[in-house]
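Please work through the exercises below with the sequence and the model open beside you, and try each task before reading its solution.

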Amino acid sequence: VMLSAETASGDYPLEAVQMMSKIIRQVENGPDYQAQLDVGRPKAEATVSDAISCAIRRISGILPVAVLVNYSESGASTLRAARERPRAPILNLTPNLNTARRLSVAWGVHSVVNDRLRQVDEVVSTALEIAQAQGMASRGDTLLITAGVPFGKPGSTNTLRIETLIGDCRGRFAPHSRHKAAPTGKY
């Protein structure tokens with residue numbers, strides 16, 4: 001579906017968008033949707049990043065994954081993950097505001113700017129905190145977390161972790177000072 005000027009500027013723009021969302025969700029939950037995606041999906045390249053992207057789609061189809069968290073400076077691995085259309089939403093953590101803005105229009109991606117991560121071990125705890133703070137995960141939920149080592153080097157996504165949110169992470173950071181959701185629609 002496509003939101004056009006006529007639809008958006010009519011008497012019922014909110015209702016039009018809600019109906020389009022309902023149509024999209026119904027189609028994507030249909031029995032033939034994944035089969036159609038598989039036929040049209042480009043063949044994965046023989047790279048670690050593509051292998052991880054394929055794996056997260058399969059894992060999110062097997063396990064009840066609440067959210068897939070990807071740390072990406074350039075956004076390339078997040079776009080690869082979105083291309084696979086995993087069942088879980090994708091939370092992208094990036095130090096780059098431009099990357100966050102660009103990814104805000106990608107399928108299933110919610111970007112959060114975080115420029116305080118310095119090593120890959122911090123990604124896991126920060127991912128759990130932000131997923132909970134953004135309302136994307138709660139106690140007992142399973143998260144898939146991807147990042148790259150060496151940390152901070154674009155194009156190095158080579159790590160996949162499966163984590164369960166055990167405790168309550170809220171209150172351990174100030175969302176307004178360290179983690180900022182990318183502004184949407186206002187650039």
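**Conventions.** This is a predicted model, in which local features need pLDDT of at least 70 and side-chain atom pairs count only at pLDDT 80 or more, while totals for chains, interfaces and linings use all residues. Residues are numbered from 1 along each chain as its sequence is written, and side-chain values use heavy atoms, with hydrogens and water left out.

**Exercise 1.** Describe the secondary structure of the protein and the pattern that it follows along the sequence.

*Solution.* Begin with the elements, which come to 8 helices and 6 strands; helices (H or I, at least four residues) and strands (E, at least two) are DSSP runs, numbered from the N terminus. Reading along the sequence then gives the pattern α-α-α-α-β-α-β-α-β-α-β-β-α-β. Next consider burial, where buried means under 20% relative accessible area, exposed over 50%, and partly exposed in between, for a 1.4 Å probe and protein chains only. Of the 187 residues in the protein, 38% are buried. Finally, with contact meaning heavy atoms within 4.5 Å, residues 24 or more positions apart account for 56% of the contacts that have a separation of 6 or more.

**Exercise 2.** Determine how helix H4 and helix H5 pack, and which residues make the contact.

*Solution.* Two packed helices are described by the angle between their axes and the distance between the axes. Here the axes are lines fitted to C-alpha atoms, for helices over the stretch in contact, and angles run from 0 to 180 degrees between N-to-C directions. For H4 (residues 48–62) and H5 (residues 76–83) the angle is about 40° and the axes are 9 Å apart. H4 is therefore oblique to H5, since angles under 35 degrees count as roughly parallel, over 145 as roughly antiparallel, 65 to 115 as roughly perpendicular and the rest as oblique. The contact is made by Ser49, Asp50, Ser53 and Ile56 on the H4 side, and by Ser77, Arg80, Ala81 and Arg83 on the H5 side. Sorted by class, this contact has 2 nonpolar, 3 polar and 3 charged residues, where Ala, Val, Leu, Ile, Met, Phe, Trp, Tyr, Cys and Pro count as nonpolar, Asp, Glu, Lys and Arg as charged, and the others, Gly among them, as polar.

**Exercise 3.** Is Thr78 buried or exposed, and what does its side chain contact?

*Solution.* Thr78 is placed in helix H5, and its relative accessible area is 0%, so Thr78 is buried. The side chain of Thr78 makes a polar contact with the side chain of Asn92 at 2.6 Å; such a contact is a pair of N or O atoms within 3.5 Å, and within protein one must be able to donate a hydrogen and the other to accept it, while residues adjacent in sequence count only if both atoms are side-chain atoms. Leaving aside neighbours within four places in sequence, Thr78 is in contact with Asn70, Ser72, Ile90, Asn92, Leu103 and Val109.

**Exercise 4.** Where does Arg85 lie, and what is its phi?

*Solution.* Arg85 lies in the loop between H5 and strand E2 (90–94). Although Arg85 is not a glycine, its phi is positive, at about 55°. At 24% relative accessibility, Arg85 counts as partly exposed.
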